[in-house]
Amino acid sequence: MIIDKMEQSLRPVETPMMPYPEKYITLATGEKMVVRQIAREEVPLVLEAVKPLINVEKDFYDIVAARVYSELLGYYRYRVKDEYCLIGTIDGVIVGVVNGRMVNEKVGMSYHTLTLRQGLRIGAQLFAAKMEYHLDYLNQEEVWIVAESPNGFKRWMIEYELESRPEVWHELGGVPTYVLTKALWEKHKASKCTGRRPVSEKLMETSMNPNLPETYAQIPGYKRCGK
Amino acid sequence: MRQVGIVGVGHTRFGKWSGGTFMDMLCAAAVEALDDAGVKLREGHGIDQVFVASMGSGMVNRQSGVASALVDSLNLRPAMAETIENGPASGASAVKLGYMAIASGLCDAVLVVGGEMMRVISGWEGTDFVATMLHTEGEYNYGLTLPAFAGMFTRLCMEKYGVTEKDLSIVSVKNHENAMHNPVAHIRLVPSLYAIAEDEDANVINPYVADPLRMYHVCPVSDGAAAVLLCAMDVKDRFLKKPVKIAGIGQATDTHAVAEREIPTDLLAVRVAAERAYKMAGVTAKDIDVAELHDAFQILEIVESEEVGFFPRGEGHLAARLGDTKIGGRIPINTSGGLKAKGHPLGATGVSQIVELVRQLRGEAEGRQVQGAKVGLAVNFGGFGNNVVATILTNQEED
Amino acid sequence: METKMFAYKCDNCGELHHPKHYVCRKCGCRDFVEVPLEGEVILLTYTKVYNLPEGYMKPFMAFGIVRFENGLTVSGQIECEELHIGMKLRTTVGVIKEGVGKDYYGFIFKGI
């Protein structure tokens, strides 16, 4: 694609980021969830998975879904610097989405965690995978975190013993910023982060070109028509 | 003394109640039971007394005098009404009081509804609310919780009898499998034994809640209501269905502070309550065909199955390993899914256990029916075992 | 400032109690004498709790049931890394819960 000068000037310069090495986790039902990073071209598909939740008021799904949608669109259209998105898939269906970005070498900015399939603590696992990416693979020193959902946030705040850092401003605004430092990650990661690598070719195949969820427990009566 | 039977049962889907208010939830279970019995909700309804079992209607839902309100909501005025609180054993206690009201001759027909709406508060507030049943100075003020005592109790059972974490998972999986055949169960998902007990990821996927108890060994937080209509056997023809008789009731209390229990691995109140119920019903453990045992923590199902006499002390987990407590096994336990998978709205649980036994004894437990079940036992565990109610039901006519 | 915890000894038969009882568990009498409750204890059972009630903002806390030399068995918080049944701990008294206007004191058992 030919990029003209104007477009070039609107695109942020991208920092080379090591890709997230995919892994798989055996969930409580015995199902295997593949956790992998998406390529930019896959954003439109993920947007379709997220879209139905934009109208679900319960449990803050609407604001999280709407913001994830806009963040991923920003990533897709080259308007956000150094953003990434990880998805979880089970049997070839997208079950969760997490995203964030690198602010600089040292600091990561956690954006959102959106669980599509409920009941298996998928959100907790994807959040941990995100933290793993920033602190173990991108070799950053800390990740800044805020949340929309009070209960979910309190759980992370307590479980990871997040450091309160009200003086810094998180890009998502809202409540005071909390920080997961490398030290806190080292302390808690054994009990929070799991999964095996490498993912077999056969399993990985299921995760590529994943299907969108047919139904959403959050939206009673919803059924996807077409793709 | 007059004989008492159950002629109607009702049960909401346990989980997150989104059908309206707390009162709506109680009404939903109540009308199902009344419809089941063929009672018309207008003048001449014949219901003399309503008991509502709920531990948190005041503390959590900020409503008192719930039974009085329910009578009006159901158009059952001027029936007598009381709200009964006995912690997680509120349900069975309310049924016991219903039994007493009829057996004494005071009433002919009594409606008992148990209900709890806990998912309106956060998990931490819920844990705190449940902990209020503990000894204030000696336990609650320390931040001790029911799971904490269950964890300590489990550790002792592991030490003394060799119960393993995998045994707890075996019981949990059995209960989840049973719940898949129970349309009112909260959790409709079966964990894989391998995934929660043995896989490399198991330690993170099934984390400790109060070690050695893990997440999949502990019941969920649920909203829900269940109802039964009791009647004197001598007026049973007023109602549609053949009654299931309440053959025996037993109850016992134990020390409040758990540290003061005589034998720390015993659930003495369970043993005494069951003995009293067996005596009243004129049966023994061998006569029980199906049981609902209070399994808020999976260790409790194992130990209760021993204390009520199904297995020798220290062998309940061995029986579970062999499949003796599955549907089709020697003594099916928690065919409903138990508190683990069916859910545990505190006040509703005792009534819910009895609803399941009635369905089993009527032959209405589709998909999870214990063939030819004649006698059922329910054990409803209050506090951390300091107040236990055991109820025995039978579908047999003669005593 | 409370820095001591007490057992309650029945004035009639000498039976020790903790926590406080209104009526003696052994003989039914209702008069008690305060006796300091302290010293070395044996750990009977313990657990690490990860889901604490409202107000406790830590990821986990350890609790245990211990036996004092005088035979009393009592619950308390534990601050000690490695735990096993039968080990000895020492008794301290500290703030077990912060309250509005008043803090609650109780047993915190620590490593020797």
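Reader: Which residue stands opposite B:A252 in β11(B)?

Author: In this predicted model, B:A252 stands opposite B:V388 in β11(B).

Reader: What makes β8(B) and strand β11 (residues 387-394) of chain B a pair?

Author: Two strands count as paired if DSSP finds at least two bridges between them. β8(B) and β11(B) are joined by eight bridges, so they meet that condition. The sense of this pairing is antiparallel.

Reader: How do you know that strand β1 (residues 4-11) of chain B and β8(B) also pair?

Author: Two bridges join β1(B) to β8(B), and the requirement is at least two, so these strands pair as well. They too run antiparallel. In this pairing B:I6 stands opposite B:V244 of β8(B).

Reader: Why is strand β8 (residues 244-253) of chain B called mostly covered?

Author: A residue counts as buried if 20 or more other C-beta atoms lie within 10 Å of its own. Nine of the 10 residues of β8(B) are buried, and the strand is therefore described as mostly covered.

Reader: Which residues make the contact between α1(B) and α2(B)?

Author: From α1(B) come B:M23, B:L26, B:C27 and B:A30, and from α2(B) come B:A69, B:L70 and B:S73. Six of the contact residues are nonpolar, one is polar and none is charged.

Reader: What makes up the side of chain B that touches chain C?

Author: The contact takes 32 residues from chain B and 26 from chain C. Two or more residues come from each of α4 (123-131), α5 (146-161) and β5 (208-210) of chain B. α5(B) gives the most, with seven residues. This side of chain B divides into 16 nonpolar, eight polar and eight charged residues.

Reader: What makes β1 (23-26) and β7 (163-164) of chain A edge strands?

Author: Chain A has an open sheet of eight strands with mixed pairing, in the order β1-β2-β3-β4-β5-β6-β8-β7. β1(A) and β7(A) each pair on one side only, as edge strands do.

Reader: How do you know that strand β5 (residues 107-115) and strand β6 (residues 142-145) of chain A pair?

Author: Three bridges join β5(A) and β6(A) in the parallel sense, and at least two are needed, so the pairing holds. The bridge partner of A:M109 in β6(A) is A:W144.

Reader: Which helix of chain A packs on the sheet and touches β6, β7 and β8 (178-181) of chain A?

Author: Helix α6 (residues 182-192) of chain A does, and its direction makes about 70° with that of β8(A). Helix α2 (residues 43-50) of chain A lies across β3 (83-90), β4 (93-102) and β5 of chain A, at about 115° to β4(A).

Notes:
Residues numbered from 1 in each chain as written. Chains lettered and ligands numbered in written order. Predicted model: local features only at pLDDT ≥ 70, side-chain atom pairs only at ≥ 80, totals over all residues. Buried ≥ 20, exposed ≤ 12 C-beta atoms within 10 Å, placed from the backbone. Helix = DSSP H or I, 4+ residues; strand = E, 2+ residues; numbered from the N terminus. Contact = placed C-beta atoms within 7 Å. Nonpolar A, V, L, I, M, F, W, Y, C, P; charged D, E, K, R; others polar. Axes fitted to C-alpha atoms, helices over the stretch in contact; angles between N-to-C directions.
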